[in-house]
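I opened my notebook to go through this structure one item at a time. Here is what I looked up, in order.

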Amino acid sequence: MRCDNQISWTEQTKFDIMTTMVTTQKYMRKIQLKDAKANLSAVVDQATRGKPSVITRHGKPEAVVLGFADWERLSRVPSFGRLLMSAPLEPGDLPERNSTPMRDTSL
């Protein structure tokens, strides 16, 4: 099944997940480690509802509590290289590589 922009549904979903993580990362709730320890059940409950938390130690981000469903989705997102390799390219889609020798440089 293809979308109008020639990206399959699964590829579009992966793109949406990556975009969502990039755009929402700055809005994640930050919580100190000592508070996360004291309220671990509440932190996990929020994560399962789609509200991940960044755990900080001395003000520096150390870990993320993320719901299992979100983790499963993110763990299936392919690397950028794999996305490029799976692109449906036709002969002639990419320009010919310049075969002229590189210039000599003396450093």
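Predicted model: local features only at pLDDT ≥ 70, side-chain atom pairs only at ≥ 80, totals over all residues.

**Entry: His 58.** Is His 58 buried or exposed? It is exposed, because its relative accessible area is 80% and exposed means over 50%. I also checked the backbone: phi of His 58 is near 55°, a positive value in a residue other than glycine.

Entry: The average pLDDT for the protein is 78, and 75% of the residues score at least 70. Residues 1-9 have a pLDDT below 50, and beyond near neighbours in sequence this stretch has seven contacts in the model. Residues 17-24 also sit below 50, with eight contacts in the model beyond near neighbours in sequence.

**Entry: the overall layout.** I counted up the secondary structure and got five helices and three strands. Going along the sequence, I read the pattern as α-β-α-α-β-β-α-α.

**Entry: the sheet.** In what order do the three strands of the open sheet come? I wrote down β1-β2-β3, with mixed pairing. β1 (29-32) and β3 (60-65) stand at the edges with a single partner strand each, so one side of each has no neighbour in the sheet. From one strand to the next, the twist averages 35°. Then I looked at what lies on the sheet: helix α3 (residues 40-48) packs there and touches β1, β2 and β3. The direction of α3 makes about 165° with that of β1.

Next I zoomed in on one pair. β2 (residues 53-57) and β3 pair in the antiparallel sense, over five bridges. My reminder from class is that strands of a sheet pair through backbone hydrogen bonds, either parallel or antiparallel.

**Entry: Thr 56.** This residue is in strand β2. Its bridge partner in β3 is Pro 61. I marked Thr 56 as buried, because its relative accessibility is 10% and buried means under 20%. Not counting residues up to four places away in sequence, Thr 56 touches Lys 30, Ile 31, Gln 32, Leu 33, Pro 61 and Glu 62.

**Entry: the core.** Which residues make up the largest nonpolar core? I listed six: Ile 31, Ala 36, Val 43, Ala 47, Ile 55 and Val 65. That reminded me that in soluble globular proteins, nonpolar side chains tend to be buried together. I picked Ala 36 to follow up: leaving aside its neighbours within four places in sequence, Ala 36 is in contact with Ile 31, Val 43 and Ile 55.

**Entry: Asp 70.** I found Asp 70 in helix α4 (residues 68-75). Asp 70 counts as buried, because its relative accessibility is 16%. Residues up to four places away in sequence aside, Asp 70 touches Ala 47 and Gly 50.

**Entry: whole-protein numbers.** Buried residues make up 16% of the 107 residues. The protein exposes about 9500 Å², with 56% of it supplied by carbon and sulfur atoms. Last, of the contacts with a separation of 6 or more, 32% join residues 24 or more positions apart.

Technical notes. Residues numbered from 1 in each chain as written. Heavy atoms only, no water. Pairing = 2+ DSSP bridges. Helix = DSSP H or I, 4+ residues; strand = E, 2+ residues; numbered from the N terminus. Axes fitted to C-alpha atoms, helices over the stretch in contact; angles between N-to-C directions. Contact = heavy atoms within 4.5 Å. Core = buried A, V, L, I, M, F, W, Y, C linked by side-chain atoms within 4.5 Å. Buried < 20%, exposed > 50% of the residue type's maximum accessible area, 1.4 Å probe, protein only. Areas by Shrake-Rupley, 256 points an atom, 1.4 Å probe, with all protein chains shown as cover. pLDDT = per-residue confidence, 0-100.
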